[in-house]
Amino acid sequence: MGLASIGTGSEGMQLCIFDLRRGQHEGQELDKILFFFPADLPFSTQLSVIGLSEGLITFTRIFSPEAACEVIEAERHSHVFYEAEPDIWMVMIVEKSKELETIWRIDALREVLKEIHCLFMMFHGSIRALLDKEPGGELTRAHLYPFIMDYLRDFLVGKKLQLPSFRDCLKERRTVQMLTVGREAAIEVQTLVRTLESCAGNTSCSSLILFQDLLVSTTLSPEDTINLFTYAVLRLTPHALSSGASSWSYLRKGNSSLPVTTGSTLVHSGSVSEQFYGSRDTSPAGENRYRITRPLQHDKWFKGKDGFLITDIWGVDAGSSNVTTPTVWLQQTEERMYLCAYQYKSLTLILLIPLSSILSGEQGLSVVKQQLLENASLKILKVEEKLSKGWGGENAYHVSGYRYLLVDGNRDISRASPPGKVTTLTKESLLALNRLREEVDSEKSRAKWDNPGHDKDMEVCIRAKNNAWAIARITGGKELYMVLEKANETLLYASEAVEKFSNSRPMEEDTTKTEEEEFNTGPLSVLMMSVKNNTQVLINCRNNKKLLGRVRAFDRHCNMVLENVREMWTEVPKTGKGKKKALPVNKDRFISKMFLRGDSVIIVLRNPK
């Protein structure tokens with residue numbers, strides 16, 4: 001049963017997707033509409049909304065051809081624009097609150113639109129490609145309608161549709177939340193990643209590892225990492241499987257948002273959506289028309305007896321009774337990949353394998369899964385144990401006295417106070433912080449056009465009605481937002497508190513970034529290349545011995561695990577008194593595996609010939 005349409009009239013929220021290249025001739029106006037919510041609005045109303053949006057886009061292009069239309073503020077509504085693909089626009093229209101100063105943060109709503117499009121691309125490809133495949137547009141509508149309606153179900157609380165509001169101002173969509181791990185755990189994770197990606201033989205694979213709802217490791221590009229991380233947290237993590245709901249949503253217990261005003265409750269999708277969208281979700285006959293997968297359906301993922309996550313969303317393999325393995329499309333490699341997910345306790349592993357590399361389909365994937373169970377089971381158990389011991393629970397990143405959000409825009413990483421702690425803030429404090437973020441968003445937008453490519457540093461403070469301080473500091477691509485609710489604090493005290501917080505609580509990921517750069521581009525890149533490419537290195541040691549072997553693991557102190565090592569040294573045979581000194585003799589021996597302390601290493605050479 002799909003999400004029902006909500007009759008809103010002029011109130012609530014409207015969401016539409018349209019193509020400016022279509023419907024240019026009289027009588028073909030409906031062709032440009034690819035999606036509209038609520039779907040039960042009369043077509044005349046839908047065309048009126050889209051016509052106004054199209055006019056606003058055209059008007060703003062006259063004055064600023066290079067700058068896309070982002071937001072138009074009317075007396076009662078805010079119009080949020082996002083150009084998903086060339087000439088394909090997504091527009092969200094939300095009603096302004098008559099009671100509160102500010103509810104919606106426009107950038108947060110735009111991130112919702114971007115998230116919808118990016119997730120759709122990951123599963124179905126681009127909207128333009130679907131239109132080129134079937135110019136009539138029915139195929140595109142049949143994909144968009146159930147996908148977006150399934151997505152919007154995550155915003156339902158009871159029978160109310162609730163969008164990101166001022167209560168969500170200490171969260172940042174389209175970023176990943178990372179788990180900070182110690183060096184020993186990081187080495188174990190690195191070893192596990194190599195084992196995972198070797199399970200498919202010589203095929204170039206990618207992987208993603210999560211602990212709870214936090215990212216531990218990724219070998220994907222930043223954009224692909226965000227998309228897959230978002231989907232994993234929505235549908236694959238242990239919390240998502242157990243609750244059947246998004247595990248990172250602000251809709252979790254104790255952190256509700258203000259509802260969008262709606263004119264009716266949820267009912268089954270009506271004949272209007274059947275007629276217009278041709279969705280298989282709204283009509284049994286539609287299922288035979290197009291084979292539509294719905295990856296965002298709720299309660300469709302389950303953990304199998306072998307630990308692998310399974311779903312029947314992609315159908316059943318014709319040659320057997322086994323379900324079909326899901327596939328995703330990666331932006332970096334521009335190829336479709338099998339998505340194999342494995343779960344052990346709080347650890348979720350995602351292995352991505354190119355479709356082109358598995359010639360025998362599901363049978364070949366079964367071999368890969370068996371290899372994973374045989375080769376990686378002990379390593380998975382060890383990693384989960386180490387991460388669990390170092391994990392402080394839901395309040396691990398709580399800082400007493402502060403409610404904060406840290407965002408590293410250069411790496412799309414964020415960290416925030418736990419949701420349960422944020423709910424202790426008063427409405428006045430959250431409204432002040434939301435207004436503050438609006439001002440920062442506007443200032444960043446102006447700076448982007450005035451001085452492209454250069455981040456603007458700023459610090460802004462707002463005093464709330466309850467005397468709380470809402471403070472923002474932006475420097476070097478990093479953003480810090482804080483709320484201090486202690487009464488009678490002066491601005492000087494608030495500034496000192498921010499300084500103290502910034503100095504004592506930098507984003508722990510900075511250490512990870514430094515080590516990552518050191519491993520990939522610094523002196524330790526010699527060892528990293530040996531690990532990745534399975535090439536030999538020549539190591540000169542303090543005892544005048546040399547080691548020729550392959551590096552399996554290492555740390556920043558040059559402690560190494562070596563395999564297939566040839567140890568070489570020179571000895572001068574002893575001679576009696578009065579005899580001529582003997583010539584040096586070269587000796588060597590073979591060691592299958594050894595551990596080398598870093599303090600005995602003098603020099604490392606790559607690929608000696």
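These legends walk through several close-up views of a predicted model.

Local features are described where pLDDT is at least 70 and side-chain atom pairs where pLDDT is 80 or more, while totals for chains, interfaces and linings use all residues. Residues are numbered from 1 along each chain as its sequence is written, and side-chain values use heavy atoms, leaving out hydrogens and water.

**View 1. Helix 1 carries both Glu54 and Ile62.**
Helix 1 covers residues 43-63; helices (H or I, at least four residues) and strands (E, at least two) are DSSP runs, numbered from the N terminus. Is Glu54 buried or exposed? Glu54 is buried, with a relative accessible area of 16%, where buried means under 20%, exposed over 50% and partly exposed in between, using a 1.4 Å probe and protein chains only. Setting aside neighbours within four places in sequence, Glu54 is in contact with Phe18, Leu20, Gln24 and Lys32; contact means heavy atoms within 4.5 Å. Glu54 and Val91 are 37 residues apart in sequence, and their C-alpha atoms lie 9.9 Å apart in space.

**View 2. A nonpolar patch on the surface brings together Phe59, Ile62 and Phe63.**
Together these residues have about 390 Å² of accessible area, computed by the Shrake-Rupley method with a 1.4 Å probe, and for residues only the protein chains shown count as cover. Ile62 is exposed, with a relative accessible area of 59%. Patches are made of residues with over 30% relative accessible area and no salt bridge, joining like charges within 9 Å and nonpolar side chains (Val, Leu, Ile, Met, Phe, Trp, Tyr) within 5 Å. A salt bridge is a side-chain nitrogen of Lys or Arg within 4 Å of a carboxyl oxygen of Asp or Glu.

**View 3. Five strands form an open antiparallel sheet in the order 9-8-14-13-12.**
Strand 9 (214-218) and strand 12 (327-330) stand at the edges with a single partner strand each, so one side of each has no neighbour in the sheet. From one strand to the next, the twist averages 30°. Strand 8 (residues 206-211) is joined to strand 9 by four bridges, and the two run antiparallel; strands pair if DSSP finds at least two bridges between them. Look for Leu210 standing opposite Leu215 in strand 9. Helix 2 (residues 106-124) packs on the sheet, touching strand 12 and strand 13 (335-344), and its direction makes about 115° with that of strand 12. Helix 5 also packs on the sheet, touching strand 8, strand 9 and strand 14 (347-354), with its direction at about 135° to that of strand 8. For these angles, axes are lines fitted to C-alpha atoms, for helices over the stretch in contact, and angles run from 0 to 180 degrees between N-to-C directions.

**View 4. Gln190 sits in helix 5 (residues 183-198).**
Gln190 is buried, with a relative accessible area of 17%. Which residues does Gln190 touch, not counting those up to four places away in sequence? Its partners are Met528 and Phe554.

**View 5. Strand 18 (residues 469-475) is largely enclosed by the rest of the structure, because six of its seven residues are buried.**
Strand 17 (residues 458-463) pairs with strand 18 in the antiparallel sense over six bridges, and Glu459 has Arg473 in strand 18 as its bridge partner. These two strands make a hairpin with five residues between them, and Asn467 in the turn has a positive phi of about 70°. Strand 18 also pairs with strand 19 (residues 478-484), again antiparallel, over seven bridges. Here Ile471 has Met482 in strand 19 as its bridge partner. The hairpin of strand 18 and strand 19 has two residues between the strands, and Gly476 in the turn has a positive phi of about 60°.

Five bridges join strand 20 (residues 536-541) to strand 24, and Val537 stands opposite Arg606 in strand 24.
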